[in-house]
Amino acid sequence: MNKSKMKVFLCLVLTLCIAIGVALTGCGGRDEPKEDVKPGADNNEKDETQDNKDNIKEEKATIRLLTRFSGTEAATPVWQEAIKEFMKRNPNVKIVDESVNQEAAYNNKIKTGLATGNMPHLFRLAGVVSQVKHAKNGIIMDIAPLMEDEEWMNGFFEGVFETWNFEPYGVKGYYGIPHAVASEVMLYNKELFAKAGIEKTPETMDELYDVIDKLKDIGVTPWACGAKSTWRAGHIHNYLLYKWAGVQKAIDLGTRKAKWTDPDVVQSLAHLKDLKERGAFMENFEGMDHDMEKVQFFSEQCAMMLNGSWFIGDCMNSDIYDKIGTFPFPYFKEKPEYRYHGVSFPLGFSLNGKMEGAEKQATIDFIKFWTGKEIQEKLVKEIQRLSSRKDLNLEGIELSKLYHGYNDILKDIKVSGGDSFNYDPLPAMQNRTRNSIVGMLLGNSPEEAAKEIQDEIDKQSE
Amino acid sequence: MERFRSDKRIIILFLLPAFMIYLALAVIPIIQSLYFSFFEWPGIQGIPLEYVGLKNFINMLKYGDFHIAVKNVFQFAILNLLIQIPIGYGLAILLGGFPKGYRLFKTAFFCPVVLPLTAASLLWVFIYFPNVTGVLNLLLKSIGLTETGKAWLLDSGTALNSVIVANAWKGLGYHMIIAFAAIAGIPNYILESAEIDGALGFKKVRHIIIPIIWEAVKISVVLIVIGSMKNFDIIFIMTEGGPNGLTNVPSTLLYYEAFQYENYGLGSAISAFIFLISILLSTVSMRAMRREKIEY
Amino acid sequence: MITSNFVTKKKVHTNISKIKLNNFLKYAVMSVYLVIAIFPIYFALISSVKESKDIFLSPFSLPSELHFENFVRAIKIGNIGISFRNSVILSGGSIIVIVFAGSLAAYILARFNFKAKNGLLVFFISGMMIPMQSVIIPLSYVFGKFGIHNNYMVMILLFTAFNLPITIFIINGFLRTIPSEIEEAAVIDGSGAFRIFSQIIFPISLPAISTAAIFNFINIWNNLLFPLVFITRRDLQVIALALQSFFAERVSDYGGVMAAIVLSILPPMIAYIFFQEKVEKGMTSGAVKG
């Protein structure tokens with residue numbers, strides 16, 4: 001074949017491909033995703049959901065759960081036992097637990113699941129306002145009908161469902177189910193504090209700076225933080241932001257009434273950088289992850305740590321449990337108005353909005369089981385998790401001092417907020433804010449970090 | 001015979017499986033990826049694409065992280081060339097004289113090449129661990145070069161270079177083998193006469209041996225450059241593009257933009273960029289290597 | 001380094017003591033790099049049987065006692081056993097399809113005469129230029145549309161699509177060197193094309209096929225990107241990702257992670273040691289791709 005003919009041929013093939021390619025992507029896109037095609041490797045369970053829906057309980061269902069209850073997370077054993085127990089009681093339900101603890105891997109699963117329309121039946125979405133578009137598109141289920149089950153519903157604390165009431169954002173309904181409440185406090189090692197001659201826990205940031213100096217004097221790293229797990233530094237910044245500029249600021253950032261480059265937000269970032277420069281953290285802490293951070297705190301190399309109530313179980317399993325105390329995150333003397341602003345939020349699961357029949361029923365049954373009295377009592381008993389239910393019978397359960405520590409904070413906090421990106425509609429903000437914060441700790445100025453974050457917002461809104 | 005060799009039914013039947021698979025899963029998707037780059041998509045199945053024209057490309061070109069990624073991929077390619085080729089070829093030349101025990105050395109040098117990339121990358125993460133938990137830091141400390149150690153994969157000065165060293169370690173043996181094959185292919189008498197003839201031999205080295213190796217060098221250069229453009233795994237595992245996007249290359253940036261930040265439009269623009277660059281590089285290198293023969 | 005070696009070679013006959021020095025230098029240089037090349041592997045091997053806390057206390061020394069429970073954790077918690085099986089299924093299955101489809105196509109493209117022949121060859125071979133990462137976005141969109149999730153069959157076809165170009169290139173090049181008479185007798189006997197292919201062409205091209213197979217196997221075994229995006233189920237995950245997530249989830253279980261690393265490097269290492277020449281050849285067959 002001569003050259004010109006070959007070119008003609010190649011052009012023809014190419015045009016054909018373009019036509020098919022465009023046809024495949026261009027046409028609509030409104031089709032409902034089909035049922036999962038089961039992989040060749042294990043083909044033993046066929047979807048039998050289509051059969052008939054008269055007798056849902058008799059139908060077999062396979063449901064997939066994607067949570068962070070895996071690996072070293074303290075709730076993992078309870079979670080896995082609960083799954084086993086549920087399957088025992090509901091022999092027709094098979095549960096596939098796909099949980100991963102590590103944040104990046106977890107996010108990857110969620111994002112690819114969204115893109116390929118292959119979401120598990122139960123999962124946890126990061127952020128709050130960024131979920132609104134998922135609610136709009138029917139990815140997550142409006143659980144308002146579930147709330148009519150009074151026996152289950154009445155046991156919850158007032159208002160814990162409100163986080164997922166998306167009506168203010170233009171979608172009617174509730175889109176998350178709280179399975180725990182969380183607060184964050186400073187944990188400290190009493191013995192190391194005493195050794196450094198610190199008599200009382202710091203109430204203001206100035207006092208905290210003092211504590212940091214004293215701890216450094218006795219050769220102890222003041223504050224454990226494994227910023228390679230970027231949420232660790234992000235959580236410290238949440239607190240600094242709320243104590244410096246108030247929780248409303250984060251909401252304003254989300255609604256674009258405020259900018260990250262506003263002086264008070266930049267200052268909140270500068271406070272974090274300042275902590276590093278004061279030597280609060282270990283050398284190269286940006287390269288250590290949360291796992292290593294735990295080891296450093298529990299092996300008494302570090303004297304303090306900011307962590308959430310989900311961490312109580314880890315503390316109880318550690319060798320230094322007796323030495324651990326708590327104190328509220330210090331406030332800025334210049335900003336007494338934000339003294340009682342702080343981090344506390346309900347933790348929730350979302351349900352897949354595209355479920356039907358037996359799968360839907362099984363998933364609802366399971367979430368009710370997990371957030372029901374029985375399991376919630378077990379969670380308090382075994383890992384001292386702060387429950388979202390008020391109707392638990394805690395008699396005979398020995399509540400730890402840490403449980404009380406976290407619980408007291410819950411009552412102390414007058415204005416509470418979650419992660420600062422919770423209020424942002426952009427899903428990229430979780431990574432953007434945290435990466436920029438780590439970038440700042442590694443050398444960028446607070447202004448540069450703020451600009452990076454603001455640029456992400458501006459890039460989207462053009 | 002001629003009828004057999006032009007039997008349409010056989011031709012179509014035998015070509016069909018390969019053609020269909022290749023068309024459906026490589027050719028069409030790559031064309032789609034170009035098509036996608038003119039659209040925005042929030043990454044949610046069921047939501048249609050929205051045509052945005054050149055916006056994705058404009059965003060990409062304005063995007064600071066993209067500039068860093070492009071700079072990084074060139075740094076990655078160039079430093080890998082500068083490390084892998086001299087050392088790989090140097091070792092091959094040392095082995096080329098078939099010294100005693102050369103097989104042992106050759107096997108050892110090639111070992112890193114056969115390791116799964118994930119495992120090799122993780123090993124290097126352990127080597128680069130910060131402070132005195134890292135093997136490299138311990139080593140430096142034991143010879144008195146450092147007290148506290150460095151966070152190799154964090155420091156903006158060392159992060160990318162540390163990954164490059166790991167990548168060079170992994171790939172170097174490959175080029176050693178290419179070079180070794182080229183040198184071993186030189187007929188013995190040329191080498192012998194080179195040793196005996198003195199000045200004349202030196203000429204032979206220049207005119208015969210160097211050109212032969214030069215052909216191999218060209219192959220190595222092409223492979224390293226194209227490999228660097230396509231590289232994803234080692235950065236994904238060792239640094240996740242971090243800290244703060246400093247070690248991203250276009251392929252990791254594309255993944256993070258699309259599958260972490262849900263900026264699928266921008267991700268597609270980067271896809272298209274990578275595709276066009278690799279076509280460009282491949283064409284240029286094919287031109288450069290036209291003289292190359294294929295050997296088995 | 002290159003020139004100095006040749007220059008010294010030239011002077012070999014003039015100064016015998018220099019030879020010894022050169023030899024010594026040669027071995028010294030090679031030994032230094034030998035240590036560099038082997039050390040990480042050695043480190044993985046010794047650390048995989050140490051207790052986590054000992055790994056960084058004495059990273060260079062042999063273990064004082066053997067902790068094989070690291071391997072138990074790697075297999076049980078790290079999912080290395082199951083994912084190993086998955087990787088074998090995925091890369092084995094892909095190779096079968098690649099070799100089947102690739103050698104059939106290569107046979108036609110090398111030995112038949114038709115108009116579109118050269119165009120098709122270029123069409124196939126230019127696939128080597130398609131970067132895998134460029135297709136993940138459109139593919140996740142299309143797979144989602146057709147409800148293709150965690151599907152090994154599709155994964156195998158996907159790997160096939162991306163490895164066909166090099167396979168066709170290698171086998172096609174090989175078959176072109178085989179004289180045309182080789183099928184003649186069979187054609188005259190009236191044998192069918194399939195028979196000729198399976199009884200003559202396939203056996204004869206085995207060297208090229210095995211070269212391509214090794215090359216493809218290593219590509220697929222190491223591939224991270226496709227499973228990362230298209231396989232979400234943990235029980236179907238491949239070894240590269242299982243290793244990565246085990247590491248990410250349990251960084252401080254150094255012993256377990258090292259054991260997992262060792263489990264994943266053993267098969268290719270053993271294969272290499274036994275089939276040294278073939279592996280070297282197979283892997284560098286990629287060197288002819290441009």
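**Exercise 1.** Determine what percentage of the residues of chain C count as buried, and how the chain is built.

*Solution.* Step 1: apply the burial criterion, under which a residue is buried if 20 or more other C-beta atoms lie within 10 Å of its own, exposed if 12 or fewer, and partly exposed in between, with C-beta atoms placed from the backbone. Of the 290 residues of chain C, 53% are buried.
Step 1: list the secondary structure, where helices (H or I, at least four residues) and strands (E, at least two) are DSSP runs numbered from the N terminus. Chain C has 15 helices and zero strands.
Step 2: examine the dimensions. The radius of gyration of chain C, taken over C-alpha atoms, is 25 Å, whereas a compact globule of 290 residues would have one near 19 Å, by the rule of 2.2 Å times the number of residues to the power 0.38. Along the principal axes, the C-alpha atoms of chain C fill a box of roughly 70 × 70 × 35 Å.
Step 3: consider contacts, defined by C-beta atoms, placed from the backbone, that lie within 7 Å. In chain C, 78% of the contacts between residues at least 6 apart in sequence join residues at least 24 apart.

The model is predicted: local features need pLDDT of at least 70 and side-chain atom pairs count only at pLDDT 80 or more, while totals for chains, interfaces and linings use all residues. Residues are numbered from 1 along each chain as its sequence is written, and chains are lettered from A and ligands numbered from 1 in the order in which they are written.

**Exercise 2.** Describe the side of chain C that touches chain B by class.

*Solution.* Step 1: the contact takes 80 residues from chain C and 86 residues from chain B.
Step 1: helix H2 (residues 16-47) of chain C gives the most to this side of chain C, with eleven residues.

**Exercise 3.** State the confidence of chain A and locate its element with the lowest mean pLDDT.

*Solution.* Step 1: pLDDT is the predictor's confidence in each residue, from 0 to 100. Chain A averages 86, and 87% of its residues score at least 70.

**Exercise 4.** Into which domains is chain A divided, and how do they meet?

*Solution.* Step 1: by an automatic or database domain assignment, chain A consists of domain 1 (58-181 + 345-402) and domain 2 (184-343 + 425-461).
Step 1: the centres of the two domains of chain A, taken over C-alpha atoms, are separated by 28 Å.
Step 2: 15 residues of domain 1 of chain A are in contact with 17 residues of domain 2 of chain A. The domain 1 side has eight nonpolar, five polar and two charged residues.

**Exercise 5.** Check the span of helix H3 (residues 103-115) of chain A.

*Solution.* Step 1: the expected span is 1.5 Å times one less than the number of residues. The 13 residues of this helix should therefore span 18 Å, and the end C-alpha atoms are 18 Å apart, which agrees.
Step 1: buried residues of H3(A) include A:Tyr106, A:Ile110 and A:Leu114.
Step 2: H3(A) is followed by A:Gly117, whose phi is positive, near 65°.

Conventions
Contact = placed C-beta atoms within 7 Å. Nonpolar A, V, L, I, M, F, W, Y, C, P; charged D, E, K, R; others polar.
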